[in-house]
Amino acid sequence: MALLLALSLLLLAGFAVIGSFHDAPNAIAVAVRTRALTATTALALAAVCTAIGFGVGLATLPETAHDWLRVPSSTDGLGMLTAVLATAILWELATWWRAMPSSSTHALIGALLGAGWAARAVDLDAPADAASQLLASVWLPLVTGPLLAYAVSWLAAVLLVRLLRHASPRTVNDRSRYLLCLSAAVVSLSHGMYFGHRLLLLGGLL
């Protein structure tokens, strides 16, 4: 039991490190590619904002998350959580190696569902209603979130084009660089908040 707990804690820390490492390029890619920031400056900005977001995430954990992220309070539950973390880490490493964008949230939820189904298949203790809870509180936001982000981005692009259509190219370039720097910081901050939430939740299950 103690060895399994130690392994779970190690995987928990590994999930945060590898997930942040995997997500950093997504946050700074556009700013670096457009030369709004140098690679070194962008990585430093991402690291600082991720660390700040991590602290904010630990301090602002939503209580509703406890409704869907549950495992049995037993050795079976600890084994499930270990398998979930190991699977999520392997997926993150595999997609990073293949230079594929991936979602840590999807990886974590998929691993959690798979562990629960596998546990029930071999008659171990597992939450029977996890799939329905995940569908209502997690899957639907994950599907609708990108659609909403696309709509907001499209509206913002149209608004900026209208506002800057008579501006000089230099003015557009300068203002675009400021916005790209801001967007890289905000994305890094949100990544940090995500991992702060997830680590506190998963740590509370150990």
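Modeller: The lining of the largest pocket gets its largest share, four residues, from H6. Before we go on: this is a predicted model, where local features need pLDDT of at least 70, side-chain atom pairs count only at pLDDT 80 or more, and totals for chains, interfaces and linings use all residues. Residues are numbered from 1 along each chain as its sequence is written, and side-chain values use heavy atoms, with hydrogens and water left out.

Biologist: What makes a residue part of the lining of a pocket?

Modeller: A lining residue has an atom within 4 Å of a point of the pocket, which is an open set on a 1 Å grid with protein on both sides within 12 Å along at least five of seven lines. Asp 23, Ser 102 and Tyr 194 are among the lining residues of the largest pocket.

Biologist: Why is Arg 35 called exposed?

Modeller: Exposed means over 50% relative accessible area (1.4 Å probe, protein chains only). Arg 35 has 69%, so it is exposed. Arg 35 sits in the loop between H1 and helix H2 (39-59), and has a positive phi of about 65° although it is not a glycine.

Biologist: What is the bend at Ala 27?

Modeller: H1 bends there by about 40°, the angle between axes fitted to the seven residues ending there and the seven starting there.

Notes:
Helix = DSSP H or I, 4+ residues; strand = E, 2+ residues; numbered from the N terminus. 1 Å grid on protein atoms, 1.4 Å probe; cavity = no way out; pocket = protein on both sides within 12 Å on 5 of 7 lines; lining within 4 Å. Buried < 20%, exposed > 50% of the residue type's maximum accessible area, 1.4 Å probe, protein only.
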